[in-house]
Amino acid sequence: MLDPTEYNDQDMGRVEVKNTTCYMCACRCGIRVTLRDGEVRHIEGNPEHPLNKGVICAKGASGIMKQYSPARLTKPLLRRADAERGESKFEEISWDRAFDIMEERLGKIRKEDPKKFALFTGRDQMQALTGMFAKQFGTPNYAAHGGFCSVNMAAGLIYTIGGSFWEFGGPDLERAKLFIMIGTAEDHHS
Ligand code: SF4
């Protein structure tokens, strides 16, 4: 191991800092991510970002766990043959086996009645894709987590003024004559 008092990781190019956007909720705060040898090591707010000005919440700061938490699922799990539903006894299976099982089961449901298939996802940031998959499959029964801090705001704006800033803009507070908040936190700013 190199002596850390003589060799600076940053000078050696092992450490880099990337400016990007937090994707842990709809606010999209500006963040700075420190990487060491290409792996995320630290996340902090970007003080130069116009919306959050360097402030991030605990969830954003712990975004590193999304990449490296040992609790992440990395392989498909199948309920063990000797286990009852709810017992939380699973075995790891290969992706090929998982795809075979899904092909068989989904194929059967689709032939019978595609609407029997309901698809729910978490905050996967791929809701457009999962929604498209459900539509192609032929079921209207799909939903995903929606940020309570922003979905109600968007719904309110769509029903009142016909559109929403949603996630990718901030209100022009300095020039506004009237500012009405509908179901959103002011600091969220979305
Ligand atoms: S409010 Fe928190 S979780 Fe949401 S974008 Fe900002 S730092 Fe990320």
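## Basis of the description

The model is predicted, so local features need pLDDT of at least 70 and side-chain atom pairs count only at pLDDT 80 or more, while totals for chains, interfaces and linings use all residues. Residues are numbered from 1 along each chain as its sequence is written, and side-chain values use heavy atoms, with hydrogens and water left out.

## Nonpolar cores

The largest nonpolar core has 7 residues, namely C22, M24, I31, V33, L35, V40 and I43. A nonpolar core here is a set of buried Ala, Val, Leu, Ile, Met, Phe, Trp, Tyr and Cys residues joined through side-chain atoms within 4.5 Å; buried means under 20% relative accessible area, exposed over 50%, and partly exposed in between, with a 1.4 Å probe and protein chains only. Strands β2 and β3 are the elements that give two or more residues to this core, and β2 supplies the largest share, 3 residues. Strands are DSSP runs of E with at least two residues, and helices are runs of H or I with at least four, numbered from the N terminus.

Apart from this core lies another one, of 5 residues, among them L106, F117, L119 and A134.

## Salt bridges

The structure holds 10 salt bridges, each defined as a side-chain nitrogen of Lys or Arg within 4 Å of a carboxyl oxygen of Asp or Glu. One of them joins R32 and E48 at 3.5 Å, N to O. This pair links distant parts of the chain, 16 residues apart, with R32 in strand β2 (residues 30-36) and E48 in the loop between β3 (39-45) and α1 (58-61). E48 counts as exposed because its relative accessibility is 63%.

The side chains of E112 and K116 also meet in a salt bridge, at 3.6 Å, N to O, and salt bridges that share partners join K108, E112 and K116 into one network.

## A nonpolar surface patch

L73, L77 and F90 form a nonpolar patch on the surface, with about 320 Å² of accessible area together. Patches are made of residues with over 30% relative accessible area and no salt bridge, like charges being joined within 9 Å and nonpolar side chains (Val, Leu, Ile, Met, Phe, Trp, Tyr) within 5 Å. Accessible areas come from the Shrake-Rupley method with a 1.4 Å probe, and for residues only the protein chains shown count as cover. F90 lies in strand β5 (residues 90-92) and, at 45% relative accessibility, counts as partly exposed.
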